[in-house]
Amino acid sequence: MTEVLSEQVGRGSHGGALLEVDNLHVEFRTRAGVAKAVNGVTYSVDAGETLAVLGESGSGKSVTAQTIMGILDMPPGKITGGEIRFRGVDLLKLPEDQRRKIRGEGISMVFQDALSALNPVFPVGWQIAEMFRTHRGTSRAEAKKKAIELMDRVRIPAAKDRVNDFPHQFSGGMRQRIMIAMAIALDPEILIADEPTTALDVTVQAQIMGLLAELQRDSNMGLILITHDLGVVADVADKIAVMYGGRIVEHATVHDLYKSPAHPYSKGLLESIPRVDHKGKELYAIKGLPPNLLEMPTGCAFHPRCPYRRDNCVTDVPPLYTISGTRGSACHYWREVIDEG
Amino acid sequence: MGRYAIRRLLQLVPVVLGTTFIINYMVWQLPGDPFAGRCGQRPCPDSYVTAMREQFGLDQPILLQYWNFLKNLLTGNLGTDFNGVSVATQLADAWPITIRLALMAVAFEALIGIGAGVLSGLKRGGFIDNVVTISTLFLLSLPIFVTGYLLQWVLGVQFGVIEPTVSDAATIPELIVPALVLASLNMAFTARLTRTSIVENLRADYVRTAVAKGLSNRRVVGVHLLRNSLIPVLTFLGTEVGSLMSGAIITEGIFNIHGIGGLLWRAINGQDYTIVVPVATLLVLVYLITNLLVDLLYGVLDPRIRYE
């Protein structure tokens with residue numbers, strides 16, 4: 001059902017997916033040198049589809065998202081190549097005023113820490129209503145009514161009584177719901193959720209993920225879910241892109257990736273999830289540290305930590321090998337990894 | 001909030017008692033007899049001095065004098081000065097002028113200080129930022145009487161743009177330059193405080209959210225950024241209103257303004273304590289009340305503050 005819908009809605013006249021990131025390169029020019037945060041990232045999301053972008057901090061997953069939103073700090077950030085096409089139009093070439101209209105209406109974002117991401121001095125209802133007032137010119141009273149409706153929709157109890165409360169008066173989970181209400185206010189086609197549950201309790205995490213999945217289903221949004229937690233994505237995502245050192249090292253459907261990862265890094269991530277049947281055994285951890293973006297390892301960026309390393313991994317950068325139509329891996333020895341998985 | 005306000009008001013009582021007692025005590029302990037020099041070239045006859053001391057209660061013990069002062073203050077009876085002129089009338093004449101001057105100074109501090117601070121904070125390291133940094137340093141390093149005499153001389157004497165002194169009416173146009181002088185130090189400090197606050201908040205997550213909401217740059221800065229950045233600035237401006245009024249002594253002296261500062265200045269030189277004590281007391285009260293108001297206002301500006 002979702003597949004069919006996405007075919008109809010997502011692929012418009014331009015022929016591609018709703019949102020396509022194409023060979024994106026982003027650098028940070030700091031005093032210490034040039035940090036290559038994003039090195040040729042390509043992914044796409046269609047209406048009604050959920051893409052989970054997975055990776056540890058510094059892998060470039062958030063920088064990619066910020067570049068899509070156009071909220072990257074420039075300088076020090078600099079986009080050195082690639083395209084971000086939304087409905088077939090390259091956002092990076094649009095003038096700022098047209099881009100601004102897409103923010104909130106076309107593409108919206110939920111941030112990690114809702115306490116600092118919400119403005120501390122304005123009531124939450126006001127902050128949600130601001131979306132209608134600035135984008136649609138809705139009257140104050142009408143916008144407030146819509147804000148209450150949205151707060152109801154994200155299941156904030158007694159929304160009517162709490163519309164004038166300030167962010168600090170809510171719990172972490174409720175704050176994140178408000179953040180979500182604000183992001184979906186104008187029915188965006190794409191919602192980017194940047195680690196939306198990282199700051200929350202586990203039980204609340206599941207509720208927020210459930211809410212996101214439900215909202216996405218109801219309004220057929222494309223959802224980009226950025227996370228470092230593999231456990232979070234299994235139920236929600238359709239496909240997964242695993243990022244490492246600013247590159248996508250594996251992309252696959254959730255099913256394929258969980259069944260048999262095709263990259264040693266994805267495999268390591270899966271193995272480091274605690275499991276009941278491994279009780280008593282030491283928890284697996286990927287050896288070594290994430291790469292220093294100022295001095296990337298030669299060849300494959302993962303080679304210093306890789307159990308499958310051969311000599312050519314140190315010298316040759318692996319291309320993203322196509323395994324099937326929906327699957328790719330940037331490992332010279334992906335066959336070996338899959339077979340073992 | 002209500003209970004907090006009441007508690008804060010009650011706290012004012014010992015502070016007012018303490019400060020007014022110190023003012024009374026210090027003033028009456030100053031060396032020199034206030035009546036000895038009032039008879040032209042000759043020393044005053046003892047009978048006159050004794051009579052005057054009796055009339056103004058100087059022969060009484062200090063605690064009794066203080067008690068009488070409090071009683072008179074509460075009944076609004078401020079008596080006469082040594083020349084027999086009503087103190088209340090003099091205060092009523094002088095006070096509105098000083099309030100006008102101080103309010104104009106606060107307005108300049110707010111408009112120019114905040115404006116310059118915002119502009120320089122938004123474009124850190126740019127041309128405006130450098131101009132603001134240098135000119136505020138310049139203002140901060142000049143004592144207020146230098147700024148005052150300098151402007152009076154340049155604008156009033158050399159170029160004749162303004163009258164060097166202010167008339168008795170002390171109209172608003174006449175007070176512009178004196179108010180700028182009075183405001184100069186706080187204005188420079190306000191600009192720097194605003195700049196720091198803007199720079200700090202510019203990187204805040206909620207500013208990024210505002211951009212991601214698709215708001216115009218104007219709205220991101222003018223509503224979201226400014227509202228947060230101004231919290232410490234407005235607090236500073238508020239607490240400084242009280243010291244602005246006592247600071248007016250120098251400015252009013254330079255421009256010959258007949259406000260509270262001028263009155264106090266002449267009274268101190270003439271050792272007329274009947275004026276010095278009520279004026280100083282009033283300044284203390286203004287300071288305490290503006291401080292209380294600022295503390296209460298702080299909770300309105302920043303909803304995260306809770307009064308307990």
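## A strand pair in chain A

Let's start with one link: A:Arg85 has A:Asp90 of β5(A) as its bridge partner. This is a predicted model, where local features need pLDDT of at least 70, side-chain atom pairs count only at pLDDT 80 or more, and totals for chains, interfaces and linings use all residues. Residues are numbered from 1 along each chain as its sequence is written, while chains are lettered from A and ligands numbered from 1 in the order in which they are written.

β5(A) is joined by two bridges to strand β4 (residues 77–86) of chain A, and the two run antiparallel. Strands pair if DSSP finds at least two bridges between them. Strands (E, at least two residues) and helices (H or I, at least four) are DSSP runs, numbered from the N terminus.

## The sheet around it

Zooming out, β2-β1-β4-β5 is the order of four strands in an open, antiparallel sheet of chain A. β2 (33–45) and β5 (89–90) of chain A each have a single partner strand, so one side of each lacks a neighbour in the sheet.

## A second pair

Strand β6 (residues 107–110) of chain A runs parallel to β7 (residues 190–194) of chain A, with four bridges joining them. One of the links pairs A:Ser108 with A:Leu191 in β7(A).

Which way do the residues of β6(A) point? A:Ile107 and A:Met109 go one way, A:Ser108 and A:Val110 the other, and all are buried (20 or more other C-beta atoms within 10 Å of a residue's own, with C-beta atoms placed from the backbone).

Technical notes:
Buried ≥ 20, exposed ≤ 12 C-beta atoms within 10 Å, placed from the backbone.
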